[in-house]
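Here are my comments on the ligand site. Please read them with the structure open.

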Amino acid sequence: MKKILVIHGPNLDLLGTRETDIYGKTSLSDINNMLEKVARKSNVTLEYMQTNHEGQIVDAIGGAPKKEFDAILINPAAYTHTSVAIRDAVAAADLPTVEVHLSNVYAREEFRQTSLIAPVSTGQICGFGPHSYVLGLQAILSLAKK
Ligand code: DQA
């Protein structure tokens, strides 16, 4: 693994102030800094994006193989539960992809308990707050060692 695309989906730009009882007070840039520390130690480059727009996520995933990304770390946020387009993009890109969530989506409302993305992902990690991202990145790095 050399280059990993990190995708933060809708409303994650608001982390730190958004529903802090569920998502905590850590901001998105704090999360990116946590990831950066792991990346530096492992000699991998991370490229980050956050968007509230489904099509931009589809474009980023679709373009990832051409841009020579080796893997994708994604929190699709609300699109997890709705987006056939993102699911199809993940399947088409055919790169190791780890889905992460701050909250334990299986302990929440019923509509959050289905992920359209998980079945086409390498794996899913949820429920560990910001640490879910670190675990997700470590999971991707562990694939390279296999
Ligand atoms: C989330 C869970 C989703 O259900 C929700 O829509 C989000 C955040 C999480 O990280 O826990 O926006 O992906």
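1. How many residues line the largest pocket, and which lie nearest its centre? The lining has 15 residues. Nearest the centre are R18, Y23, A77, A78 and H101. Keep in mind that this is a predicted model.

2. The largest pocket has a volume of about 150 Å³.

3. Around the ligand are R18, Y23, N75, A77, A78, H81, H101, L102, S103, V105, R108 and R112. By class, that shell has five nonpolar, four polar and three charged residues.

4. The side chain of H101 places an N or O atom 2.8 Å from an oxygen atom of the ligand. L102 uses its backbone instead: a polar atom there is 2.8 Å from a ligand oxygen. A78 also works through the backbone, with an N or O atom 3.2 Å from an oxygen atom of the ligand.

5. Is the ligand buried or exposed? Taken alone, the ligand exposes 320 Å². The protein buries 99% of that area.

6. Two residues deserve a joint look. A78 and H101 are among the residues nearest the pocket centre.

Note on methods
Residues numbered from 1 in each chain as written. Predicted model: local features only at pLDDT ≥ 70, side-chain atom pairs only at ≥ 80, totals over all residues. Heavy atoms only, no water. Near = heavy atom within 4 Å. Polar contact = N/O pair within 3.5 Å; in protein donor to acceptor, adjacent residues only side chain to side chain. Areas by Shrake-Rupley, 256 points an atom, 1.4 Å probe, with all protein chains shown as cover. Nonpolar A, V, L, I, M, F, W, Y, C, P; charged D, E, K, R; others polar. 1 Å grid on protein atoms, 1.4 Å probe; cavity = no way out; pocket = protein on both sides within 12 Å on 5 of 7 lines; lining within 4 Å. Points joined across faces, edges and corners; volume = space filled by probe spheres on them.
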